[in-house]
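Here is a short report for a reader meeting this structure for the first time. Look over the sequence and the model, then read on.

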Amino acid sequence: MKRENQSQVTEFVLIGFSIFPDLQVGLFVVFLLMYIVTLAGNLAIMIIIRIDRRLHTPMYLFLGVLSFSETCYSLVIIPKTLVNLVVDIRTISFTGCATQMFFFLGLGGTNCFLLTLMGYDRYLAICHPLHYASLMSRQIFIKLVAGTWLSGFLLSLVETILIFQSPFCSSNTINHFFCHMRPVIKLACTVDNTIETVISLVSIVGLSGSFLLIVLTYIFILSTILWLPSACGERDKAFSTCAAHLTVVIMHFGFASIIYLKPNSPGVSDDDTLISVPYTILTPFLSPMIFTLRNKETKIALKKAIGKNIFSQKV
């Protein structure tokens, strides 16, 4: 069934943070600084992994891929958000909205799968150290990474097509700062919620499945670590390699669950704009700092890279 007053929608209006007019300038400055730090942090991780051969292991290569994915993820959302904070006309074309949603969902799904693979990699390294080289060879690593990107964007393509194949009513106002699924679906000219139910189910299965796999790997990791002798330092080393990843996992899936596992409400919730900030802006901002500051090898590599740069400038 379709609602009345159907018309062809060619563009959408992003309400975003216009409901907080007194905070526009402050939000622009804060988001811009966070975006710059996010780009710098992720680029630093990718560069030091590229130039330091000691980091050419699956654990750090996965981290490099995740940094690249999060850089693209931030690029999809934040620049448009910054522009909309300083302009009066906050519109996005129909095609632009669909494209933004496609890349946002694709990169978000890819990040979830990459974090799952990083947990699996730590499981193999700690629980099966003698067979690690064969179980996580270069060929297997490439296939796993390719699989994460393919799976993430395949799911994104299906969800985006399901949403934008629906007719839209005369209202084209999205109560969000980007083309998020739930506010866009609510503009569709259908009275049944089949599409919303299917997409919610996919989100629940994807998030819960990935998180449960990570929890399962860490149960095995913890049981193995507890058997390691503490005197030789192997236990501390194993804990340190997992600490950063586990911190990012809790942050990433925690914020994502607030958005995607939230029960549907009959009306449009103004809170969606604010609760999306931690997942879309704060998580990419904190991830590179966590992976850098809580990992001994990346800190050493970063210090050496900075030291060489300072030394070369002096010479």
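How much space lies in the largest cavity? About 260 Å³. A cavity is a set of points, on a 1 Å grid over the protein atoms alone, where a 1.4 Å probe fits but cannot get out. A volume is the space filled by probe spheres set on the points, with grid points joined across faces, edges and corners.

## Basis of the model

This is a predicted model, in which local features need pLDDT of at least 70 and side-chain atom pairs count only at pLDDT 80 or more, while totals for chains, interfaces and linings use all residues. Residues are numbered from 1 along each chain as its sequence is written, and side-chain values use heavy atoms, with hydrogens and water left out.

## Overall build

The protein chain has 11 helices and three strands. Helices (H or I, at least four residues) and strands (E, at least two) are DSSP runs, numbered from the N terminus. In order from the N terminus, the elements run β-α-α-β-α-α-α-β-α-α-α-α-α-α.

The protein chain holds 315 residues, and 45% of them count as buried. Buried means under 20% relative accessible area, exposed over 50%, and partly exposed in between (1.4 Å probe, protein chains only). Take the contacts between residues at least 6 apart in sequence: 80% join residues at least 24 apart. Contact means heavy atoms within 4.5 Å.

## The sheet

The three strands of an open sheet have the order E2-E1-E3, with mixed pairing. Its edge strands are E2 (91–93) and E3 (173–174), each of which pairs on one side only. Two strands pair if DSSP finds at least two bridges between them. Strands of a sheet pair through backbone hydrogen bonds, either parallel or antiparallel.

Strand E1 (residues 11–14) pairs with E3 in the parallel sense, over two bridges. Val13 has Thr173 as its bridge partner in E3. E1 and E2 run antiparallel and are joined by three bridges. Here Phe12 has Ile92 as its bridge partner in E2.

The side chains of E1 alternate. Phe12 and Leu14 point to one face and are buried.

## The nonpolar core

The largest nonpolar core has 78 residues. Such a core is a set of buried Ala, Val, Leu, Ile, Met, Phe, Trp, Tyr and Cys residues joined through side-chain atoms within 4.5 Å. Phe12, Phe31, Phe104, Phe164, Val184 and Tyr260 have the most contacts inside the largest core. Helix H3 (residues 94–127) gives the most to this core, with 15 residues.

Leaving aside neighbours within four places in sequence, the contacts of Phe12 include Ile92, Phe94, Phe164, Ile174 and Leu187.

Is Leu66 buried or exposed? Leu66 counts as buried because its relative accessibility is 2%. Leu66 lies in helix H2. Not counting residues up to four places away in sequence, Leu66 touches Asn111, Leu114, Leu115, Met118 and Phe291. Leu66 and Met46 are 20 residues apart in sequence, and their C-alpha atoms are 9.3 Å apart.

## Cavities

There are six cavities of 30 Å³ or more. The largest is lined by 18 residues, with Leu105, Gly108, Gly109, Glu159 and Ser203 nearest its centre. Lining residues have an atom within 4 Å of a point. H3, helix H5 (138–164) and helix H7 (194–225) each give two or more residues to this lining. The largest share, six residues, comes from H3. By type, the lining has 11 nonpolar residues, six polar and one charged. Ala, Val, Leu, Ile, Met, Phe, Trp, Tyr, Cys and Pro count as nonpolar, Asp, Glu, Lys and Arg as charged, and the others, Gly among them, as polar.

The second largest cavity has about 130 Å³ of space. Its lining has 13 residues, with Met59, Met118, Thr241, His245 and Phe291 nearest the centre. H2 gives the largest share of this lining, five residues.

## The largest pocket

A pocket is an open set of points with protein on both sides within 12 Å along at least five of seven lines. About 350 Å³ of space lies in the largest one. Of its 13 lining residues, Arg122, Ala125, Lys237, Ala238 and Thr241 lie nearest its centre. H8 gives the most to this lining, with four residues. The lining divides into six nonpolar, two polar and five charged residues.
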